[in-house]
Amino acid sequence: MAKFQYTALDAKGESQTGVIDAAGQAEAAQQLRDQGLYPTQVEEAGKAAKVKSAPKVKGKSASKGKKKAAPGKAGSKVKPKVLMIFTRQLATLIDSGLPLLRSLTVLAKQEPNPALKATLSSLADSVQSGATFSESLAQHPKIFNKLYVNMVKAGELGGVLEVVLTRLAEYQEKANKLKGKIVAAMVYPLIVMFIAVSILIFLMLVIVPKFKEMFDAGTELPLISRIVFGFSDNMMAVRAGLPTIVWVIILVGGIVFGVQSWGKTKEGRKVLDNIKLKLPLFGDIQSKSAIARFSRTLGTLVTSGVPILQALGITRETAGNVIVAAAIDKVHDAVKEGESIVTPLQASPVFPPMVISMVDVGEETGQLPDMLLKIADVYDDEVDGSVTALTSIIEPVMIVFLAGVVGAIVFAMFLPLIKMIQTMGS
């Protein structure tokens, strides 16, 4: 029997080293697997020191070469839906008893997204070299934000990584669902307006000019016909003068670029986010979605074992609105001074009385995380109802508007024609 020095990973992905007695290298590796360990290196005790130095340099150069082989891929941004599916799959594999390193390797092999595939390979290499999973995730901030990293860290410390990953997947699913509803509410009126403008341009540039040719220059036209024909003439003139259109496009593009650039400044972002919360119809949806995101993020973090101050800091950074972030910052400072969460919430106009009352009850009963998640569920349903109501309001308004515009144009074209037929008949 010989002694073999080994380096292996346990079920949590943590590195362990030691010495084991076995007849050969294969038997030593099998003994480690029987103990629930995943061997990464097994060498005979006498040869381990010699092998350690040479391959170590090779391993480093190989890993560096691996990183250079695919620049910009590992750590590149991926869509939230792709990350959500990965989180759910990883939670399922770990819950089934598969070691973390093996789970990452399996997911990397079957991942179709090239950016995430390269990132998973990088994560597997990092875990195999002895880093914790949360430390490995922190190396890719474009994919895994602070919320993700800190929840995984809490899961590692508590030995409940699969539970935390499941919560993360559920959080991502609900967040993506909420975001999809808001986008649908914003996109629908824009699509209808685009169709209305396209139909209007087509009528003014193609149909109206042909009807205008039917009438003599001296024919007295009704007021609505003169307005429509005049508007058509102006659009034809703009169409003929391409430089005018170019200048209009440049002007509109300049305004959009200026607003976006101003929105990136501290003051501009504050003003624009404040406007978002106060917009008619859409402001209510923005406000409710911000409250739902705050409640779900904070509740998920605290439930997963993240300390309250750290959880508030992460929630502030992922708020998505500087007005809400400022309110959370005041809560953070108050809790840091030993005060209650409710007092700063009451001072903020962002949070309605129902949220404050539920948080107050949660603090008094010691069930704040559960209460926060209930608030998130309530406001998710309210956002769903608001989006449905908004869509039901916008749809008939847009249809009536479109019908009114087209009807006015048709009326303006046929009214002088009817008048001409009546004159000829008399």
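A crossing of two helices is left-handed if the near helix is turned anticlockwise from the far one by less than a right angle. Keep that handy for two of the views below, all taken from a predicted model.

View 1. On the H13 side, the residues making the contact are Ile308, Leu309, Leu312, Gly313, Thr315 and Arg316. They meet Ala325, Ile328, Asp329, Val331, His332, Val335 and Lys336 of H14.

**View 2. Helices H4 and H5 make another left-handed crossing.** Two packed helices are described by the angle between their axes and the distance between the axes. For H4 (residues 100–110) and H5 (residues 114–128), those are about 160 degrees and 9 Å. That angle makes H4 and H5 roughly antiparallel to each other. H4 brings Leu100, Leu101, Leu104, Thr105, Leu107, Ala108 and Lys109 to the contact. Facing them from H5 are Lys117, Leu120, Ser121, Leu123, Ala124, Val127 and Gln128.

View 3. H3 takes in residues 80–95, 16 residues in total, and spans 22 Å from its first C-alpha to its last, close to the 22 Å expected at 1.5 Å a residue. Its buried residues are Leu83, Met84, Phe86, Thr87, Leu90, Ala91 and Ile94. The background is simple: an α-helix has 3.6 residues a turn, so residues three or four places apart point the same way. Just after H3 comes Gly97, with a positive phi of about 100 degrees.

**View 4. Helix H12 is largely enclosed by the rest of the structure.** H12 covers residues 282–303, and its 22 residues reach 31 Å from first C-alpha to last, close to the 32 Å expected at 1.5 Å a residue. Of those 22 residues, 17 are buried, so H12 is largely enclosed. Look just past the end of H12 for Gly305, which takes a positive phi of about 100 degrees.

**View 5. Ser386 is a buried residue in helix H17.** H17 runs over residues 368–425. Ser386 has a relative accessible area of 14%, and the cut-off for buried is under 20%, so Ser386 makes the list. Leaving aside residues up to four places away in sequence, Ser386 touches Asp284, Ile285 and Lys288.

**View 6. Asp233 is partly exposed in helix H9.** H9 holds residues 223–240. The relative accessibility of Asp233 is 35%, hence the "partly exposed" label. Pick out Pro209 as well: Asp233 and Pro209 sit 24 residues apart in sequence, with 7.9 Å from C-alpha to C-alpha.

**View 7. Zoomed back out, the chain has 17 helices and three strands.** Of its 426 residues, 37% are buried. As for contacts between residues at least 6 apart in sequence, 60% join residues at least 24 apart.

Conventions
Residues are numbered from 1 along each chain as its sequence is written. This is a predicted model: local features need pLDDT of at least 70, side-chain atom pairs count only at pLDDT 80 or more; totals for chains, interfaces and linings use all residues. Side-chain values use heavy atoms; hydrogens and water are left out. Helices (H or I, at least four residues) and strands (E, at least two) are DSSP runs, numbered from the N terminus. The expected span of a helix is 1.5 Å times one less than its number of residues. Buried means under 20% relative accessible area, exposed over 50%, partly exposed in between (1.4 Å probe, protein chains only). Contact means heavy atoms within 4.5 Å. Axes are lines fitted to C-alpha atoms, for helices over the stretch in contact, and angles run from 0 to 180 degrees between N-to-C directions. Angles under 35 degrees count as roughly parallel, over 145 as roughly antiparallel, 65 to 115 as roughly perpendicular and the rest as oblique.
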